[in-house]
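This report walks through one protein model, from its overall form to a few individual residues. Please keep the sequence and the 3D view at hand while reading.

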Amino acid sequence: RCVMKILESAENYLERILMLQEKHGAVRSIDIAHALNFTKPSVSIAMKQLRENGYVTVDEGGHIALTQKGHAIAFRTYERHKVITELLVKLGVSPEAAHDDACRIEHDISDESFRCMQEFLNK
């Protein structure tokens, strides 16, 4: 079985783009920089790499959109984040710590463990 492995930082960028699109519609590099507390040059370099790898498109006005491939990764990462956060909070972890821990766990957890977490929460 071949599993595509994307860098954690790229997953974070794609997830944040999805979150910003849901909240504001149009997304530009400066929005991502503010949301992640990164410099605009760092975000520009990342967007160039994501664009070259087919995860995002950038129009003449600088608006960033997820491609189908990028959206799939962003959605998967965001879904994992939400479920893991919810589970940790239900276990008694503070919302802040649960959010921070979910940010780390979402990238490394196996599909099986994640599926079991979802099933547990849905009981």
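## The chain as a whole

Of the 123 residues of the protein chain, what percentage count as buried? The share that counts as buried is 34%, where buried means under 20% relative accessible area, exposed means over 50%, and partly exposed lies in between (1.4 Å probe, protein chains only). This is a predicted model, in which local features need pLDDT of at least 70 and side-chain atom pairs count only at pLDDT 80 or more, while totals for chains, interfaces and linings use all residues. Residues are numbered from 1 along each chain as its sequence is written, and side-chain values use heavy atoms, with hydrogens and water left out.

The protein chain has six helices and two strands, which follow one another from the N terminus in the order α-α-α-β-β-α-α-α. Helices (H or I, at least four residues) and strands (E, at least two) are DSSP runs, numbered from the N terminus. The radius of gyration is 15 Å, close to the 14 Å that the globule rule gives for 123 residues, so the chain is as compact as a globular protein of that length. That radius is taken over C-alpha atoms, and the rule is 2.2 Å times the number of residues to the power 0.38.

Helix H3 covers residues 40-52, and its 13 residues reach 18 Å from the first C-alpha to the last, close to the 18 Å expected at 1.5 Å a residue; the expected span is 1.5 Å times one less than the number of residues. Val 43, Ala 46, Met 47 and Leu 50 are the buried residues of H3. Seen down the helix axis, they fall within an arc of 105°, so they line one face of H3, the arc being that of the directions from the axis to the C-beta atoms. An α-helix has 3.6 residues a turn, so residues three or four places apart point the same way.

The face of H3 turned away from this buried side carries the exposed residues Pro 41, Ile 45 and Glu 52. Among the elements that cover the buried residues are helices H1 (8-24) and H2 (29-36), together with strands S1 (56-58) and S2 (64-66).

## The nonpolar cores

A nonpolar core is a set of buried Ala, Val, Leu, Ile, Met, Phe, Trp, Tyr and Cys residues joined through side-chain atoms within 4.5 Å. The largest one has 21 residues, and those with the most contacts inside it are Tyr 13, Leu 14, Ile 32, Met 47 and Leu 50. Two or more residues each come from H1, H2, H3, S2 and helix H4 (68-90), with the largest share, six residues, coming from H1. Apart from this core lies another, of nine residues, including Ile 84, Ala 98, Phe 114 and Leu 121.

## Two loop residues

Thr 67 sits in the loop between S2 and H4 and is buried, with a relative accessible area of 19%. Leaving aside neighbours within four places in sequence, Thr 67 is in contact (heavy atoms within 4.5 Å) with Gly 54, Tyr 55, Val 56 and Thr 57.

Asn 37, in the loop between H2 and H3, is exposed, with a relative accessible area of 69%. Its phi is near 60°, a positive value in a residue other than glycine. Most residues other than glycine have a negative phi.
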